[in-house]
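Here is a short note for a colleague opening this entry for the first time. Please keep the structure in view while reading.

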Amino acid sequence: MCGIAGYKSSRPIDERVLSTMVEAVRHRGPDASGFHRSGDYAGGMRRLSINDLEGGNQPLFNEDRSVVLLYNGEIYNSPELRRGLEARQHRFRTHSDGEVICHMYAEHGERLFERLDGMFAAALWIERERKLILARDIPGEKPLYYAMLSDTDVAFASEIKSLSTLPGLDLSLDQQALWDFPTFLWIPEPRTVYRAIKALPKAHLLIADPSGVRIEAYANRFNSGSIETDDAAVIGETRRVVTDAVHSRLLADVPIGCFLSGGLDSSIVATVASRALPALRTFTIGFEDVDDPYHGRANEAEEAEQLARHLGTDHHTIPVGAEDFRRNLVDFCRYGDQPFAVSSGLGILSVAKRARENGVKVLLSGDGADECFGGYSWYRHLGAWAETAPGPGAAADSDRSLQDVGNSGDAIKVMGQYAPQKRAWALHYYASEREKLRLFNPDYFDGFRVRSSIGHFGDFKAGPSWNPEDYIAQDRDFYLPNEMLSKVDRMTMAHSVEGRMPFVAPAVLAHAHKLRYRHMVRDGTLKWALRRAFADLLPADVLARPKHGFNVPIDHWLRSGWSDLVADAFRPDSALGRWGLIGASSAEAAGLMLADRSRLNGHTLFSFVMLNMWLAQGETG
């Protein structure tokens with residue numbers, strides 16, 4: 001695990017520039033550093049030692065040092081791959097999991113990455129071909145960004161803040177990214193907050209050689225064939241792929257911990273891990289018990305503690321409240337790397353800090369189960385909607401969504417008349433196009449062709465016919481990497497902790513893609529197959545517990561102890577004001593939205609608070 005940075009450039013390599021880029025990701029790897037320079041290529045890394053603590057420093061090489069690797073991540077099937085390579089007479093210098101990548105290039109070339117079960121952002125330099133290969137993992141757990149310096153020159157890094165140190169790079173803000181941000185609370189990849197910096201998409205390669213630069217997708221080979229229709233076979237395969245994913249993600253030479261909420265997903269991960277490890281530390285948030293009108297009560301510490309006692313783990317409850325999280329907002333903003341407003345990340349930040357203080361460098365998480373196995377409450381509506389054609393045109397002018405409170409049944413009826421792309425937005429996203437027009441200064445976007453944020457759903461599937469599996473697959477393809485995986489990665493790495501998510505293993509994703517709606521939601525039961533797959537391992541109360549998730553009562557806080565953050569963000573002399581992003585009526589619109597008890601506007605307004613803070617941090621360096 002580490003952070004990487006570097007560039008391939010026909011211009012002379014500046015050692016100070018490279019050093020600055022690498023230092024910007026020190027929090028991703030406080031244990032060691034490494035560099036490699038060769039003609040028009042230079043790269044560096046900061047290491048967080050997880051495997052082969054003494055001998056695994058980077059860069060890593062093949063036998064004749066003609067293939068050079070700098071990478072961030074873990075290759076969980078490296079023991080199996082290593083045995084195969086050694087049988088073909090490859091000689092290893094280290095016990096690092098990443099060294100297999102160097103030797104696999106001779107066997108498979110650029111297609112080697114299809115064979116990696118892991119999370120990674122890799123920079124592979126091929127000396128003889130003067131070729132740089134950047135690769136990002138299949139689920140998109142590890143970030144990798146790039147900036148084109150010319151038609152043949154490219155810079156790369158694990159974080160945007162590293163690339164932003166490059167002298168002369170145009171750091172103009174991307175208007176479309178800013179427009180999308182309040183809708184999603186994050187910026188959809190491959191865009192970033194800067195026009196000149198892009199995210200390498202998940203399961204993609206960027207290849208830079210003397211002929212130019214190209215970006216290509218690669219396949220997920222971890223596919224066990226067609227899905228069985230028999231319920232018992234589906235349940236059995238679900239048990240197998242999830243158990244294998246958890247076991248493989250225990251690869252470490254350091255202590256391992258686990259997030260534990262007391263809900264189904266983290267309980268499965270903790271239970272399987274605890275049966276395979278001699279010791280497991282578990283962590284949960286002890287939260288002020290505020291009743292959120294949409295998500296319900298916030299505190300699950302008691303349920304987590306009960307399960308920890310059942311499993312016999314070394315359990316830690318971390319008490320936090322509104323003031324604790326407010327003190328963490330500066331770090332939350334900084335380590336978000338670009339505007340990011342998913343408030344539940346504050347809980348992950350707190351857990352990662354406590355884990356690191358307790359000597360834990362690896363944390364397992366249950367994230368991804370909802371998108372793979374059908375866990376969100378709104379998925380119950382998908383079966384009925386599959387038979388419902390879009391309604392009259394008037395429905396298209398409505399902004400009803402699950403953010404509406406009170407008569408939620410009426411909102412569901414209205415949403416049923418939407419085109420499927422707008423239904424997908426209304427299920428669990430935030431600011432509507434109208435709301436953004438009220439909060440932003442429209443003049444800032446004048447002359448730029450920003451499109452509706454709902455267009456992202458049309459990118460997934462055009463046309464009027466979506467089946468239930470389409471809505472869930474869209475969440476898996478879009479929401480899961482952009483929000484859930486980013487949140488876990490950024491907030492754990494803030495405290496130099498590696499977050500691992502078994503439910504997004506390539507084999508689990510391939511299995512999820514084959515599941516039918518009846519395997520995920522049946523008779524109103526969410527995650528039907530997953531619950532039955534682990535029914536014999538979990539206490540009955542865990543199996544019966546409804547989906548909750550860790551939810552910050554952001555509406556409550558912004559109306560009370562955090563209300564000054566909204567007022568400050570919409571002041572004319574705020575960073576938003578100085579950049580021209582808000583207009584004369586924006587503060588009034590924000591105040592009306594905050595006072596409106598019929599709709600949960602807190603997340604939308606929190607996105608402007610965080611954007612204001614991000615801009616201010618950039619102004620002060």
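The points below go from the whole chain to its sheets, then to single residues and salt bridges.

1. The model is predicted. The protein has 28 helices and 21 strands. Its radius of gyration is 24 Å, close to the 25 Å that the globule rule gives for 621 residues, so the protein is as compact as a globular protein of that length. The C-alpha trace spans about 70 × 60 × 45 Å along its principal axes.

2. Of the 621 residues, 61% are buried. Take the contacts with a separation of 6 or more: 73% of them come from residues 24 or more positions apart.

3. **The antiparallel sheet.** Six strands make an open sheet, ordered β4-β5-β6-β7-β11-β12, and the pairing is antiparallel. The edges are β4 (60–61) and β12 (212–217), each pairing on one side only. Look at the step from β6 (residues 118–126) to β7: six bridges join this antiparallel pair. Ala121 stands opposite Arg136 in β7. Helix α3 (residues 99–108) lies across β4, β5 (67–75), β6 and β7. The helix runs at about 130° to β5.

4. **The parallel sheet.** Five strands form another open sheet, in the order β17-β14-β13-β18-β19, with parallel pairing. Here β17 (314–320) and β19 are the edge strands; each has a single partner strand, so one side of each lacks a neighbour in the sheet. From one strand to the next, the twist averages 30°. Strand β18 (residues 362–364) runs parallel to β19, joined by three bridges. Leu364 stands opposite Arg500 in β19.

5. Helix α7 (residues 264–276) lies across β13 (256–259) and β18. Its angle to β13 is about 155°.

6. **A pair of loop residues.** Which residues does His27 touch, not counting those up to four places away in sequence? They are Glu159, Tyr335, Met493, Ala494 and Ser496. His27 sits in the loop between α1 (15–23) and β2 (32–38). With a relative accessible area of 13%, His27 is buried, because buried means under 20%. His27 and Met493 are 466 residues apart in sequence, yet their C-alpha atoms are 6.6 Å apart.

7. **The other side of that contact.** Ala494 lies in the loop between α19 and β19 (498–500). Ala494 is buried, at 8% relative accessible area. Leaving out residues up to four places away in sequence, Ala494 touches His27, Tyr335 and Leu349. From Ala494 to Phe332 the count is 162 residues in sequence and 8.5 Å in space, C-alpha to C-alpha.

8. The structure holds 53 salt bridges. One of them joins Asp489 and Lys142, with the closest N and O atoms 2.4 Å apart. This pair links distant parts of the chain, 347 residues apart. Asp489 is in helix α19 (residues 468–493), while Lys142 is in the loop between β7 (131–136) and β8 (145–148). Are these two partners buried or exposed? Both Asp489 and Lys142 are buried.

9. Arg354 pairs with Glu357, the closest N and O atoms being 3.9 Å apart. The two are three residues apart in helix α11 (residues 345–357), so about one helical turn separates them. Arg354 is partly exposed, at 27% relative accessible area. Glu357 is exposed, at 53%. Arg451 and Asp459 form another salt bridge, at 2.5 Å from N to O. Arg451 is partly exposed at 33% relative accessible area, and Asp459 is exposed at 52%. Salt bridges with shared partners also join Arg28, Lys142, Glu159, Lys161, Asp337, Asp489 and Arg490 into one network.

Technical notes: Residues are numbered from 1 along each chain as its sequence is written. This is a predicted model: local features need pLDDT of at least 70, side-chain atom pairs count only at pLDDT 80 or more; totals for chains, interfaces and linings use all residues. Side-chain values use heavy atoms; hydrogens and water are left out. A salt bridge is a side-chain nitrogen of Lys or Arg within 4 Å of a carboxyl oxygen of Asp or Glu. Helices (H or I, at least four residues) and strands (E, at least two) are DSSP runs, numbered from the N terminus. Buried means under 20% relative accessible area, exposed over 50%, partly exposed in between (1.4 Å probe, protein chains only). Contact means heavy atoms within 4.5 Å. Two strands pair if DSSP finds at least two bridges between them. Axes are lines fitted to C-alpha atoms, for helices over the stretch in contact, and angles run from 0 to 180 degrees between N-to-C directions. The radius of gyration is taken over C-alpha atoms; the globule rule is 2.2 Å times the number of residues to the power 0.38.
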